[in-house]
Amino acid sequence: MKIISTFLIALMLCAAPALAAVQTGAQAPDVTFTDVNGTEHKISDFKGKTIVLEWNNPECPFVKKFYESGEMQRLQAEAIKTGAVWITVNSNKAGEQGHLADDKAAKAYMEKVKIASTTYVRDPSGDFGKTYGAKVTPHMYVIDGNGKLAYQGAIDSIKSTKAEDITKAENYLVKAMTAVKDGSKISPASTEAYGCGVKY
Amino acid sequence: MKKLFWLALLSALSFSFPAFAETQKVQASLVAEHTAIIPGETLHVGILQKIAPGWHTYWRNPGDSGLPTEVKWELPVGFSASEINWPTPERQPYGDLINYGYSGQVLLPVEIKLPDNLPLGQKVTIAARAEWLACADICIPETADLTLTLPVENINDFSQHAPLFKETRLQQPKEFVGTQNGKIKRDVIELELTGEWKGFTNASFFPDDGMIIQNQTEQKSEIKGDKLILTLLRDDTTIEVPNKISGDILIESGSNKQSYRFDAMLAPADAQTGEVTNIWLALLFAFLGGIILNLMPCVFPILSMKALALVRKSGAERKHIVTGGWVYTFGVLVSFWILGGVLLLLRAAGAEIGWGIQLQSPQFVGGLALLLFVIGLLLGGLTDFGQSFANVGNELAHKRGHLGTFFTGALAVIVATPCTAPFMGGAIFYAFTQSWWVTLLIMSALGLGLALPYLILTLWPPALRYLPRPGLWMKQFKEFLAFPMFAAAIWLLWVLARQTDAMGILLMLFAAWAFGFALWIWQQSETTRSWRLFLRSIILIWVLLGVFAISKVQPARTIAWAEEISAIFSVEKLDELRAAQRPVFVNMTASWCITCLMNEKIALNTQKLRDYFTEHNITYLKGDWTSRDPEITTYLQSFGRNGVPLYVYYPPGDACPVILPQLLTADTVIEKLSQPPRQGECL
């Protein structure tokens with residue numbers, strides 16, 4: 001029996017995907033990144049603060065749903081008001097939809113949608129996104145003050161591109177942020193993110 | 001004139017445009033299988049999506065991104081529409097993501113229940129708003145308001161779309177006839193379907209829900225007898241382990257494709273050695289392991305000898321035979337208790353212990369080799385030993401014979417110590433992590449297992465009938481049994497050669513010679529009475545010389561390493577390599593561990609693996625547990641083991657170490673090593 005199960009276990013191991021995954025509750029990977037102002041940061045630089053990571057693609061209908069309705073900017077402003085850090089990341093590679101060619105283009109987009117996040121990061125190599133296993137835009141992550149991944153997944157409960165669903169949906173991000181602040185149990189702590197695939 | 005031309009062109013263009021917006025990537029229409037509506041029956045309709053090349057729409061679980069098609073119906077009073085009866089989708093890779101969806105053309109069938117009281121001849125219009133996400137590299141949400149008008153009639157006919165409905169039914173999952181099981185073991189999910197799998201080529205699974213499996217990972221399917229086993233990796237972003245799994249399973253046999261529904265609870269897979277956590281399971285495994293020990297090459301002759309004795313004795317008093325069975329069992333049990341007790345005392349004294357530590361002593365290995373050599377000589381017929389050993393059967397009738405039987409039990413345990421049978425490892429590790437009485441209980445279960453075959457032979461006389469009748473063959477068989485004994489002695493000698501130096505081997509061989517000589521003199525003393533006392537004292541001298549020689553066998557100070565790509569294991573070395581972000585492969589082995597040597601022969605020492613290690617810059621650290629080494633014992637224990645082999649791979653960076661199976665092939669090692677590194681909390 002041992003022999004059989006050993007072989008079965010051995011046989012089932014499959015090809016390696018490039019996309020990593022971080023388990024909720026585990027230490028969040030300490031990625032180093034440069035924002036649109038040319039400033040270098042590390043995730044660990046923000047230790048003690050709650051960090052929100054948001055994967056962005058200006059052209060994606062799911063992202064537009066939240067920016068054109070002003071919901072994303074409102075969430076960003078509220079999070080920052082409570083002392084959190086909100087990092088918007090764009091991991092779409094050159095030649096793909098949503099890719100921003102340079103920091104100037106990124107700033108133009110930020111100005112256009114009146115983004116309210118702490119900083120915006122261009123990640124055309126996809127290193128940041130793949131380390132966190134970001135699959136879609138918008139894919140949301142919350143890291144608590146101890147550097148542990150507190151939440152990952154969808155921004156809310158209704159998977160659609162329609163702005164009118166925003167108010168009907170349960171906002172998982174707000175729920176997770178509140179729980180992190182209160183120190184209570186985060187539920188749900190992982191959800192299936194929905195949106196456009198990140199264009200790595 | 002010119003103006004007229006433009007006008008005509010414009011009207012021609014606008015006329016030629018279909019009723020879809022130009023930007024739509026998917027042209028949708030509402031179609032029915034039949035030409036008319038029959039009151040009280042079911043109407044088969046469907047959303048037909050014609051998808052532009054390179055684009056796709058999604059299944060009910062879209063996979064890593066995307067959205068399923070949604071339909072909102074506007075139906076006359078009394079009509080009710082079902083959910084979409086989704087045809088099984090395709091796996092659509094996009095970069096590192098996998099989506100489940102459709103390309104080209106798809107019909108999404110829906111059943112509409114019709115009321116009884118529809119007036120014949122009337123026309124009925126059903127309307128639906130369909131919303132879907134069309135994606136290529138980019139995604140576009142699209143909407144269509146669709147209508148379908150059909151007459152209410154008594155009879156109907158197939159419409160032009162009927163073949164499409166028929167074709168789509170073949171793509172919808174069927175109920176599966178046969179058993180379905182789901183197993184989960186750490187991050188690996190196995191789906192098992194029982195059936196006939198002639199001509200099977202491939203299977204793919206489409207989960208109903210997200211966050212169950214890693215969509216992007218390749219799915220492996222294989223046939224084992226009547227079982228189809230499909231292996232998936234669990235979505236490891238969440239710590240909660242799913243307890244059930246459902247979805248469509250698409251089975252391909254050559255060009256035939258058929259999908260089935262799969263719905264099963266996920267049971268944890270069988271516990272593996274080293275992970276026995278339950279006392280009953282530990283007792284059961286110890287017992288089973290004990291039974292299997294009887295088949296080990298050095299134990300089998302002992303059992304055979306006892307069985308032979310019974311054959312000779314078949315006419316003797318039953319009572320003596322039964323008593324003999326119990327005495328043998330008692331001998332086995334006492335030996336295991338002593339062994340367990342000694343190990344417990346060693347543990348209490350702070351020693352790092354594990355099964356097989358006795359083999360780390362060169363004196364023990366030498367003594368065991370000598371014992372097997374002497375038994376071999378006796379079995380082979382060098383001496384009859386006054387009939388007292390080889391002809392144990394006659395002894396059973398005498399009281400003295402019971403003492404012999406007791407020691408035969410003890411002998412069985414001693415010669416069994418180099419062997420670890422399947423099941424035993426986990427049970428023994430469990431035994432030594434618990435309080436002393438649990439240890440002794442598990443040792444007892446092991447002993448009962450070892451003694452069981454002989455005990456059955458003695459307690460249940462009909463079993464004896466299955467043994468052949470006595471005859472000349474018994475002498476030949478007895479002599480033959482000498483050879484497994486000699487073989488085992490040779491193997492132990494080789495183990496000793498790894499533990500000691502040439503001087504140790506010389507002493508060992510001298511001891512064997514002295515014992516052989518002593519036995520020959522014994523033979524003479526049986527026949528020449530006057531010289532008996534003198535000869536016996538000579539025997540004693542030779543035996544003492546042999547024992548002395550064995551006791552002088554010393555472990556060698558250093559062990560030579562022949563591997564070019566390996567380094568000697570030390571925790572310090574491991575930490576140093578890990579800190580340098582280097583991938584490391586640790587092999588914990590011992591010369592007396594046959595499994596370890598097998599694995600090295602067929603997997604680790606192959607050119608294929610060496611090339612793989614060189615190519616991936618993996619350092620191969622080999623730890624040798626042939627002789628006592630507390631550092632290695634502690635390391636083994638940190639992985640829930642107290643014996644070898646143990647193979648651990650450390651991917652570069654902070655990823656979790658990967659524990660490899662105890663039976664290796666070059667391919668399984670490469671597969672394990674190329675597995676995606678696991679971050680976060682390690683199991």
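## Basis of the description

A residue is called buried under 20% relative accessible area, exposed over 50%, and partly exposed in between, with a 1.4 Å probe and protein chains only. The model is predicted: local features need pLDDT of at least 70, side-chain atom pairs count only at pLDDT 80 or more, and totals for chains, interfaces and linings use all residues. Residues are numbered from 1 along each chain as its sequence is written, chains are lettered from A and ligands numbered from 1 in the order in which they are written, and side-chain values use heavy atoms, with hydrogens and water left out.

## Chain B overall

Chain B contains 19 helices and 22 strands; these are DSSP runs numbered from the N terminus (helices H or I, at least four residues; strands E, at least two). Of its 683 residues, 52% are buried. Among the contacts of chain B with a separation of 6 or more, 74% involve residues 24 or more positions apart, a contact being heavy atoms within 4.5 Å.

## Helix α6 of chain A

Helix α6 of chain A spans residues 172-182, and its buried residues are A:Y172, A:L173, A:A176, A:M177, A:A179 and A:V180. These residues lie on the same side of α6(A) because they cover an arc of only 165° around the axis, the arc being that of the directions from the helix axis to the C-beta atoms. A:K181 and A:D182, on the other side of α6(A), are exposed. The buried residues of the helix pack against five elements of chain A: β3 (51-55), α3 (71-81), β4 (85-90), β7 (140-143) and β8 (149-153).

At the start of α6(A), the backbone nitrogen of A:L173 has a side-chain oxygen of A:N171 within 2.9 Å. Just after the helix, A:G183 adopts a positive phi of about 75°. A salt bridge joins the side chains of A:E170 and A:K175 (3.1 Å, N to O); the term denotes a side-chain nitrogen of Lys or Arg within 4 Å of a carboxyl oxygen of Asp or Glu. A:E170 is partly exposed, with a relative accessible area of 36%, and A:K175 is also partly exposed, at 38%.

## A three-stranded sheet in chain B

Three strands of chain B form an open sheet in the order β4-β9-β10, with antiparallel pairing; two strands pair if DSSP finds at least two bridges between them. β4 (70-74) and β10 (139-151) are the edge strands, each pairing on one side only. Strand β9 (residues 123-135) and β10 are joined by 13 bridges in the antiparallel sense. In β10(B), B:A144 is the bridge partner of B:A130.

## Salt bridges

Over all chains, the count comes to 18 salt bridges. In chain B, B:D208 forms a salt bridge with B:R261, with the closest N and O atoms 2.7 Å apart. B:D208 lies in the loop between β13 (202-207) and β14 (220-224), whereas B:R261 lies in strand β17 (residues 256-268), so that the pair links distant parts of the chain, 53 residues apart. Both B:D208 and B:R261 are buried.

A further salt bridge is formed by B:E671 and B:K220, whose closest N and O atoms are 2.7 Å apart. B:E671 is in helix α19 (residues 666-673) and B:K220 in strand β14, so this pair ties together parts of chain B that are 451 residues apart in sequence. B:E671 is buried, with a relative accessible area of 17%, whereas B:K220, at 25%, is partly exposed. Salt bridges with shared partners also join B:R60, B:D208, B:D248 and B:R261 into one network.

Conventions:
A polar contact is a pair of N or O atoms within 3.5 Å; within protein, one must be able to donate a hydrogen and the other to accept it, and residues adjacent in sequence count only if both atoms are side-chain atoms.
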